[in-house]
Amino acid sequence: LEANPTFVKSYQGLALSQLATGRVAEATETYQKLAKVDTSGASAAAVGLADLALYEGRITDAIATLEKGIQDDVQNKIDPGDRAIKLAMLAEAHLLAGRAAQALAAADKAVAASKQDSVLFWAARVYLAAGREAKALVLAQELGKRLETDPQAYGKLIEGEAELKRGKPREAMTLFQEARKLADTWQG
């Protein structure tokens, strides 16, 4: 940060390190500083602050932060992929708040805005949790067709979660193990 006070990733790395060591207030302060750097920093800070709110169980705050971040992204013409990440997080937050209809709407918007691996993975998880298994499995198949191993692993994880929801833990375990063989992801 001393060498380049506008380098967004340095703020993110610092905030994540602070959070990992239990210094939530410092992580919050770092994200708040990031929000003041520029529009790109503000966009990234919205994700970080919403993530902190979810971590602390402040779902309503996370939803408000994400909704404002999405509006700001549109206004500031930020990359649609950044907005899609916020939409996927918003879908998860709505799901946690017990608002399945809003969660599904946000997941649909996220998938329409970007086909990034993380967007498809989190949207698929929301679809599964909200009872839209077919939509989740379509995304899992899309991830499974990618050249890189990480998205392939994410696809297997979604398929495994679907098997769990069907009451088939043995089949789910097989898929989870296949995912770990493909790539060592934190979700796996």
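Start by selecting Gln18, then show what it touches: leaving aside residues up to four places away in sequence, its contacts are Arg23, Glu26, Ala27 and Thr30. Keep in mind as you look around that this is a predicted model.

Now zoom in on Gln18 and Thr30. Their side chains make a polar contact, at 2.7 Å. Color the helix that holds Gln18, too: this is H1, covering residues 8-20.

Gln18 and Arg180 lie 162 residues apart in sequence, and their C-alpha atoms are 29 Å apart in space.

Next stop: the largest nonpolar core, which has 39 residues. Select Leu90, Tyr127, Leu139 and Ile158, the members that touch the most others in this core. To see where the core comes from, color H3 (39-55), H4 (59-75), H5 (80-96), H6 (100-113), H7 (117-129), H8 (133-144) and H9 (149-165); each of these helices gives two or more residues to it. Which helix provides the largest share? That is H7, with 8 residues.

Stay with Tyr127 and display its surroundings. Not counting residues up to four places away in sequence, Tyr127 touches Leu104, Ala107, Asp108, Val111, Arg132, Glu133, Lys135, Ala136 and Leu139.

For a last stop, select Tyr11, Val24, Tyr31 and Leu34. These are among the 11 residues of another core, which lies apart from the largest one.

Note on methods
Residues numbered from 1 in each chain as written. Predicted model: local features only at pLDDT ≥ 70, side-chain atom pairs only at ≥ 80, totals over all residues. Heavy atoms only, no water. Helix = DSSP H or I, 4+ residues; strand = E, 2+ residues; numbered from the N terminus. Contact = heavy atoms within 4.5 Å. Polar contact = N/O pair within 3.5 Å; in protein donor to acceptor, adjacent residues only side chain to side chain. Core = buried A, V, L, I, M, F, W, Y, C linked by side-chain atoms within 4.5 Å. Buried < 20%, exposed > 50% of the residue type's maximum accessible area, 1.4 Å probe, protein only.
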